[in-house]
Amino acid sequence: MSQSLESFIRNITLAPTIEEERIGIANEMANMRTFIRDCDPHYRPSIIAKLMFLTMRGENTSWGQMEVVTLMTHERFSYKRIGYLAATMLLDENNELVVLVTATVQRDLTSSNPLIQKLALALISNIGTPDMCEACAPTVAKIVLSSNAILQKYAGMAAVRIIRKCPETYDQFRPAVAPLLNQLHTLMIGIKLALEMLKIDQKLREPWQQFCVPFTRILHVLFEQRASSEYSFGVFNNPFLQISVLQCLQELKAPSDDLDDILSTLVTSLDVRRSTGRSILLQTVQTIGTCAKKPSLRSLAFNQIGRLFTYSESNILYSALSAFSRILYNENQMLDRSSSDSLVLQRYKSQVVHCLDHRDPSIRRRALDVVAALVDQTNIETLVPEIMSYLKMADGDFRSELVAKVFAAVQRFAPSPAWNFDTVLKLISDSGNYVGNDVITSFCKLIAHNLEIRSHVLAAMSEALSNPNDNQTLIQVAAWTLGEFQEEVGNTVDTMIELSKMPQTTVDSRCYLLTALAKLAPRFGQTDKVRAYFELLLKSNNLEIQQRAGEMYRVLSRPDVADQLLAPLEVDEVDTASPIEASQSNQQQSQQPAQQQQEEDSLLDLLSPSAPAAAGTQQQAPKDDLLGDLLELASPQANPAQTPSQPAQQQAPEPPKEAIKPPPNALEAQKSSDFTIYFEIQKNAQNPRQLAIRASVFNNTDVPLNNFLVQYGVPNGYAIQCAPPSGNYLAPIGGPPITQVMMLENRGNAPLKMLTQTTYMYRSQPLKEMGQINPIFS
């Protein structure tokens, strides 16, 4: 028979050694698995309690999940309570057994016993799945309006979970917001519920702005009065409620003088040496950033955050960097560097850079995020060298991340190609082992395509190669550069031969050197000398070096072939197409963009109320099939009569114009520092729940964006189908846009809130941005 719960816990916690503890747990689990099958129901709750204890200790108790589900259905409240508590611990929303729990939860929600109702509501709050939340939403909406204060709290938290999992159900809980906000004991729940609804439906902001005045008074009371024993937290009065009220005011965005007064008082009077005070300060700064009426209040808030850098405690420094990161990043998208907030925070860049040398890795990484957002054209020449001074002292993992961030900033904001080359060369010299292949490739392209710095590049590379070092990345880049572009006869060949003999030179670096030697030999008239060295390497123990030397030896033995194979690299041979070539290539791949544009216009015409009679067959189709039929018209391959033709009309794009000219009647959907997206929206006259959208993406920079791709996401309840984009090359500002047609169908009641993920190449740096479409669908 299994031990009692108290004896089992005592024996495990008092075990003298870890080995005895493991043996005791293994024996007891074996006994429980055998005993629970045929035991008296009276002992089942004790066994389930042991499973909870073992789960908290990290043991695998998945074999007992079915017993937990069975115990939840027991009529006795004490047994049911243990079953619900165990289900919360042993199950999660991804567990298949949660489906079996849904029926039990629905039945217990309608129980006449409030204690049983609380158990079901607590389970929904913790592990409610979308199916469970959707099934229980009507019942929870009734309970949240009940007169029982305790049930209201439980139902309110369950409602928050339901809205998060099933946004389309939020309308059922709207009547409960005002009653919850009007009672002190449910005020926190009401705020959380209101915040979730505001994230889904921005139209609620205007009618709910009536709550701003009471919320402002609540902040005054919480700050001025001493906390009761129930809500005191050190010297602060209910800080959780303060932060929740500030979050709600941030979402409502209703500026007022009274609100500015309390925000100013909070931001200047909080004790930032305490974690609670810093938490309130950070939320106050975010609220000031969205709804402050006085512009000077923003500067005051940023100054208070900047004061945190005067403390040496790690927690305080991390709080300051976190606040800066929240200001400079919006949903993982970097703030525009020309914004007023970014310019104000520039004054603290030296303190932020100093944090890159902190002993705490979390502070170093947070400082790196902030520094990356502060670098721009005006400070890159001073800020990047300061950052690079910390490279040699950084640990390996952080050093790789820091090198990637510095390189991305240099490629984007370098004032000249010469400064770009010198900075990246120093970066490779100091941290060659931490440089990725993408950095090396981009650096080689920079060297190949900037003829004005060629002499400076060759001199620097010759000097780098002549100085003995074990930086393999630098050796490889120098060998490639000199092998391709060196024209003056010097001691380059001798240096490469000596360097390839050194024991610290890796096999990959030796292969680079051998290829460079083969290219330089006929150019400098030293073919015999290089061939003699290659002949020695034919007996090398390393198969790769032996093969490379043999190949180059045979090529050098045939001058008629060597002159062609080993000729210097031409600039246009580098894998970087010019904007005109890239545009022509994309035009060929997109199969006549002009023809596709015409078909897109026809698609929008089909959805307009004044559709031509030719679309009559489409109007007679069922509504469910209309979306698919229309999408077939959006694809150039859908019409077999239209084939790619008239290749002579595929010409180079027009020269860039001075400004962006959006399409007629288009709305600005999203704008970043690099590109702007416009939407042309047309509803289906036969089915208003269907939309046709033509997206046009324009470049905001003077640099072409390659491999450009925008992916769109919609909330649950919507179906989206996208036609292929017109291309993946986005010409510089003033050039032609990339267009794409999308078809949307609303199959639920949730408002349309589109998200975007954009990937593209800015020069040679791959970038990825997450964004949200502006509220333009109302």
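A residue counts as buried under 20% relative accessible area, as exposed over 50%, and as partly exposed in between, with a 1.4 Å probe and protein chains only. The structure is a predicted model, in which local features need pLDDT of at least 70, side-chain atom pairs count only at pLDDT 80 or more, and totals for chains, interfaces and linings use all residues. Residues are numbered from 1 along each chain as its sequence is written, and side-chain values use heavy atoms, with hydrogens and water left out.

Most residues other than glycine have a negative phi. Asn665 is not a glycine, yet its phi is positive, at about 60°. With a relative accessibility of 78%, Asn665 counts as exposed. Asn665 belongs to the loop between helix H36 (623–634) and E5; helices (H or I, at least four residues) and strands (E, at least two) are DSSP runs, numbered from the N terminus. Lys253 also has a positive value, with phi near 55°. The loop that holds Lys253 runs between helix H14 (239–252) and helix H15 (257–269). Lys253 is partly exposed, since its relative accessible area is 41%.

Helix H30 (residues 527–537) was examined for the placement of its side chains. Thr527, Val530, Tyr533, Phe534 and Leu537 are buried in this helix. Viewed down the axis of H30, the buried residues fall within an arc of 130°, so they line one face of the helix. The arc is taken from the directions that lead from the helix axis to the C-beta atoms. Asp528 and Leu536, on the other side of H30, are exposed.

Lys529 meets the side chain of Asp494 at 2.1 Å, N to O. Lys529 is partly exposed, with a relative accessible area of 40%, and Asp494 is partly exposed at 35%.

A further salt bridge joins Asp674 to Arg412, with the closest N and O atoms 2.5 Å apart. Asp674 lies in the loop between strand E5 (667–671) and strand E6 (675–683), and Arg412 in helix H23 (residues 396–413), so the pair ties together parts that are 262 residues apart in sequence. Asp674 is buried, because its relative accessible area is 2%. Arg412 has another contact: its charged end sits over the ring of Tyr762, 4.9 Å from the ring centre. A charge sits over a ring if NZ of Lys or CZ of Arg is within 6 Å of the ring centre and within 35 degrees of the ring normal. Arg454 is likewise placed over the face of Phe485, at 4.0 Å from the ring centre.

Arg273 and Asp271 also form a salt bridge, and their closest N and O atoms are 3.3 Å apart. Arg273 is exposed, with a relative accessible area of 61%, whereas Asp271 is partly exposed at 23%.

Contacts between aromatic rings were counted next. A pair of aromatic rings is described by the distance of the centres and the angle of the planes. Rings of Phe, Tyr and Trp (its six-membered ring) pair if their centres lie within 6.5 Å; planes under 30 degrees apart count as stacked, over 60 as edge-to-face and the rest as tilted. The structure has 13 aromatic pairs. In one of them, the ring centres of Phe421 and Phe443 are 5.4 Å apart and the planes are at 10°, so the pair is stacked. Phe421 is in helix H24 (residues 417–431) and Phe443 in helix H25 (residues 437–449), so the pair ties together parts that are 22 residues apart in sequence. Both Phe421 and Phe443 are buried. One aromatic cluster is formed by Phe309, Phe324 and Tyr348.

Thr102 is part of helix H6 (residues 98–109). Thr102 is buried, with a relative accessible area of 13%. Between Thr102 and Cys133, the separation is 31 residues in sequence and 9.0 Å in space, C-alpha to C-alpha.

How values were computed. Salt bridge = Lys/Arg side-chain N within 4 Å of Asp/Glu carboxyl O.
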